[in-house]
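Colleague: I am new to this structure and would like a guided tour. Could we go through it with questions and answers?

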Amino acid sequence: MLSFITVFLITYALFSISSVLFPTDLAYFASLRKPTWSPPPKLFGIVWSILYVLISLSIAIVYTKTDGFQEVSIAYILILFINYIANQAFTFFEFKLKNLRLAFLDTLVVAVTTFLLIYYTIPYSKLAAWLLVPYLLWSCFATLLAWSIYQLNKNSSRTF
C-alpha cells in the first residue's frame with residue numbers, strides 16, 4: 001500500500017505535468033487584452049503551486065482514510081478524474097491551441113467539478129474537503145478571468 005507521502009508526491013507531480021507538457025507562452029499571454037483586475041503573470045505559478053499542495057494533501061488524506069481508495073465511491077473517483085483532466089487541459093487550450101473560448105469553458109468545468117469534489121470528499125474527511133476550498137475559490141476567479149479575457153479578445157484578428 002502506498003504511503004501518505006507517496007500519494008501526495010504522485011498527485012503533486014500529476015497535477016504539475018501540464019506545465020511541463022504545455023508551457024505558458026508568456027509573449028502570447030502578454031499580447032492578450034486583459035481586465036484591469038487581472039493578476040500579474042508571476043502570481044499564477046505561485047498560486048497553482050500552493051493549490052497543488054492543498055489538492056495533493058486532500059487526496060492523500062482521502063487515500064489513507066479509505067484504505068487506499070478501496071472504500072471510496074465511484075462518484076468521487078469520477079469527479080476527481082474529470083477535474084484532473086480539465087485542470088490539465090487548460091494550458092493546452094490556452095497556450096497550445098490559443099483557444100480562449102475552450103479555455104474559458106474548461107475553467108468552468110474545473111470550477112464545477114471542484115465544487116462537486118468538495119461535496120464528495122466530505123464523507124471521508126472534512127479537513128480534506130476544506131483543503132479544496134481555496135481551489136474552488138481560485139477556479140471561480142479563473143473562470144471569471146478567462147471569460148473576461150475571451151470577451152476582450154474575441155473580436156480580434158486572432159483565431160479562436
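Colleague: Which residues lie nearest the centre of the largest pocket?

Modeller: First, this is a predicted model, in which local features need pLDDT of at least 70 and side-chain atom pairs count only at pLDDT 80 or more, while totals for chains, interfaces and linings use all residues. Residues are numbered from 1 along each chain as its sequence is written, and side-chain values use heavy atoms, with hydrogens and water left out. A pocket here is an open set of points on a 1 Å grid over the protein atoms alone, where a 1.4 Å probe fits, with protein on both sides within 12 Å along at least five of seven lines; lining residues have an atom within 4 Å of a point. The largest pocket has 32 lining residues, and those nearest its centre are T24, F44, W48, F90 and T91.

Colleague: Which elements give two or more residues to that lining?

Modeller: Helices are DSSP runs of H or I with at least four residues, numbered from the N terminus. Several of them contribute two or more residues to the lining of the largest pocket: helix 1, helix 2, helix 3, helix 4, helix 5 and helix 7.

Colleague: And what is the volume of the largest pocket?

Modeller: A volume is the space filled by probe spheres set on the grid points, which are joined across faces, edges and corners. By class, 18 residues of the lining are nonpolar, 11 are polar and three are charged (Ala, Val, Leu, Ile, Met, Phe, Trp, Tyr, Cys and Pro count as nonpolar, Asp, Glu, Lys and Arg as charged, and the others, Gly among them, as polar). For the space these residues line, the volume comes to about 720 Å³.

Colleague: Where is the centre of the second largest pocket, in terms of its closest residues?

Modeller: The second largest pocket holds about 290 Å³ of space. It is lined by 13 residues, and closest to its centre are T11, L14, I59, F69 and L80.

Colleague: Which helix gives the most to the lining of the second largest pocket?

Modeller: This lining divides into 12 nonpolar residues, one polar and no charged. At least two residues each come from helix 1, helix 3 and helix 4. The helix that gives the most, with five residues, is helix 1.

Colleague: Which side chain makes a polar contact with that of S18?

Modeller: S18 sits in helix 1 and counts as buried because its relative accessibility is 4% (buried means under 20% relative accessible area, exposed over 50%, partly exposed in between, with a 1.4 Å probe and protein chains only). Not counting residues up to four places away in sequence, S18 touches P23, Q88 and T91, where contact means heavy atoms within 4.5 Å. A polar contact is a pair of N or O atoms within 3.5 Å; within protein, one must be able to donate a hydrogen and the other to accept it, and residues adjacent in sequence count only if both atoms are side-chain atoms. At 3.5 Å, the side chain that pairs with S18 is that of T91.

Colleague: At what distance does the side chain of T113 reach the backbone oxygen of V109?

Modeller: T113 belongs to helix 5 and is buried, as its relative accessibility is 6%. Leaving aside neighbours within four places in sequence, T113 is in contact with I79, I82 and N83. The side chain of T113 reaches the backbone oxygen of V109 at 2.8 Å.

Colleague: How far apart are the end C-alpha atoms of helix 7?

Modeller: Buried residues of helix 7 include Y135, W138, T143 and N153, and what covers its buried residues includes helix 1, helix 3 and helix 5. The expected span is 1.5 Å times one less than the number of residues. With 21 residues (133-153), helix 7 should therefore span 30 Å, and this agrees with the distance between its end C-alpha atoms, 30 Å.

Colleague: What is the phi of D67, roughly?

Modeller: Most residues other than glycine have a negative phi. D67 lies in the loop between helix 3 and helix 4 and is partly exposed at 38% relative accessible area. D67 is not a glycine, yet its phi is positive, near 55°.

Colleague: In which loop is K98 found?

Modeller: K98 also is not a glycine, and its phi is positive at about 55°. With 26% relative accessibility, K98 counts as partly exposed. Its place is in the loop between helix 4 and helix 5.
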